[in-house]
Amino acid sequence: MARVSTSIPAETAPTEGPAMRVLDLRGRDLDPAALAGLLPRPSGEYLAHAEESVAQIIRRVRAEGAPALRELSARFDGVEQSGLRVPPEALERALAELDPGVREALETAIGRIRAFAAAQKPATTELEVAPGARLVNRWTPVRRVGLYVPGGLAVYPSSVVMNAVPAQAAGVESVVLCTPPQREFGGLPHPTTLAAAALLSIEEVWAIGGAQALAAMAHGLRPDEQQPQPLEPVDILTGPGNVYVAMAKRQLRSVVGVDGEAGTTEIAVIADAAADPVYVAADLISQAEHDPHAGSVLITDSAPLAEAVARQVRVQAARTQHAERVAQALTGPQSGVVLTDSLEHSVAVADAWAPEHLEIQTADPRVVAARIRNAGAVFLGPHSPVPLGDYAAGSNHVLPTGGSARWASGLNTATFMKVVQLIEYSAEALAAVAPTVRALAEAEDLPAHGRAVAVRTEPTGAGE
């Protein structure tokens with residue numbers, strides 16, 4: 001079986017900061033399922049608690065509406081609310097008072113993300129499969145979307161940009177944004193988040209956080225005495241958040257479309273002996289500061305590099321501002337160092353873990369990246385750290401987590417669109433394919449299907 005230790009040997013690392021556990025997979029030939037079962041993941045108990053808690057929240061919001069939201073805000077956010085929708089003057093004030101440097105940074109990010117989002121917009125395609133037989137794939141935006149931006153331990157104006165810009169590029173006509181109320185701002189969301197919404201001309205913003213925000217956008221809210229404006233249900237929910245937000249998306253899939261399970265953040269770094277341990281450690285720590293449950297995983301075939309990164313992690317983590325949060329994340333069951341036999345083995349481990357963010361810090365990162373199947377976003381080389389993608393690369397930071405990158409994609413313009421298939425056949429084209437339709441209809445014992453074609457193609461209305 002795989003050898004597991006609690007850390008790189010103590011004599012190789014300073015004692016200031018956290019020691020990441022080590023999973024030694026050298027000499028093990030494991031299939032993808034067995035490999036996935038061994039790799040760092042959040043504890044099952046944590047996920048099970050979230051599942052039941054979220055189910056209760058969704059039931060309450062659906063049944064009780066705004067009163068349930070006010071009670072949940074008081075419990076989770078420490079905020080006593082009356083009206084839930086952010087008034088227009090609060091959005092205008094937040095933008096007017098926004099720090100000029102932050103505004104310039106947001107505008108730069110918006111420009112790059114908008115350019116990439118426009119390039120992602122899928123084109124309508126048309127094909128004539130036979131003379132007179134015309135098929136069209138017509139991409140059309142959904143009418144209304146609900147965007148979620150988390151609050152809690154940090155402020156995320158960047159997530160406003162990441163959610164809203166591709167929706168706007170897709171041509172969505174109605175956008176609503178939910179983000180948690182903040183006690184220190186009188187029950188309104190953080191002003192920087194509101195300023196980002198105003199900068200993007202988002203007029204409908206609600207001070208609702210967590211799983212309850214997604215439930216409200218999915219099911220809608222009726223007006224009451226304290227909140228006279230209704231919240232109309234949406235067609236699609238998008239946005240990042242913690243495990244409770246991701247779980248809410250999972251449970252609301254039968255009600256509304258979702259972008260994917262963009263839950264608690266995670267990073268994997270494939271590194272070889274050529275990697276700089278200072279860079280690798282800094283990047284692992286950068287994601288660990290998001291949340292005590294964030295996942296940070298180093299995958300390497302170089303034991304000396306692993307030891308050097310361990311030393312740097314302990315030094316850098318002890319000195320970072322959110323040292324306690326970082327230490328919890330780096331020593332949790334969702335984080336660790338994985339030792340492999342080779343670069344090829346490292347690629348297999350990364351695909352099995354299917355990370356939200358994957359950095360490739362190797363001698364030839366493009367070659368390695370071409371072999372990656374499962375990742376939300378891949379960052380190539382020593383000068384493309386994950387925080388670049390978090391803010392200003394032009395890519396999107398709303399990405400699949402918890403292994404869902406095996407089947408899900410990151411947020412993009414097509415997320416907010418759907419395909420309508422158009423079928424147009426001439427009389428001659430229908431007659432040419434009629435025998436095929438009738439043969440298959442008879443094979444499936446659906447004779448009325450065949451007759452619907454026959455009445456159009458046979459003078460006697462065959463099938464009588």
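Mentor: The lining of the second largest cavity divides into six nonpolar, five polar and no charged residues, where Ala, Val, Leu, Ile, Met, Phe, Trp, Tyr, Cys and Pro count as nonpolar, Asp, Glu, Lys and Arg as charged, and the others, Gly among them, as polar. This is a predicted model, in which local features need pLDDT of at least 70, side-chain atom pairs count only at pLDDT 80 or more, and totals for chains, interfaces and linings use all residues. Residues are numbered from 1 along each chain as its sequence is written, and side-chain values use heavy atoms, with hydrogens and water left out.

The residues that line this cavity are Pro150, Gly151, Ala154, Val155, Tyr156, Thr179, Pro180, Gln182, Pro189, His190 and Thr193. On a 1 Å grid over the protein atoms alone, a cavity is a set of points where a 1.4 Å probe fits but cannot get out, a pocket is an open set with protein on both sides within 12 Å along at least five of seven lines, and lining residues have an atom within 4 Å of a point. The second largest cavity holds about 50 Å³ of space, the volume being that filled by probe spheres set on the points, which are joined across faces, edges and corners. Over the whole structure, the search finds two cavities of 30 Å³ or more.

Helices H2 (44-64), H3 (66-76), H6, H8 (210-219), H9 (243-252) and H15 (386-391) each give two or more residues to its lining; helices are DSSP runs of H or I with at least four residues, numbered from the N terminus. H2 gives the most, with five residues. By class, the lining of the largest pocket has 17 nonpolar, 20 polar and eight charged residues. The largest pocket lies between domain 1 (22-41 + 264-394) and domain 2 (47-121 + 146-262), because both give residues to its lining; the domain bounds come from an automatic or database domain assignment. That assignment also gives domain 3 (426-455), and the C-alpha centres of domain 2 and domain 3 lie 50 Å apart.
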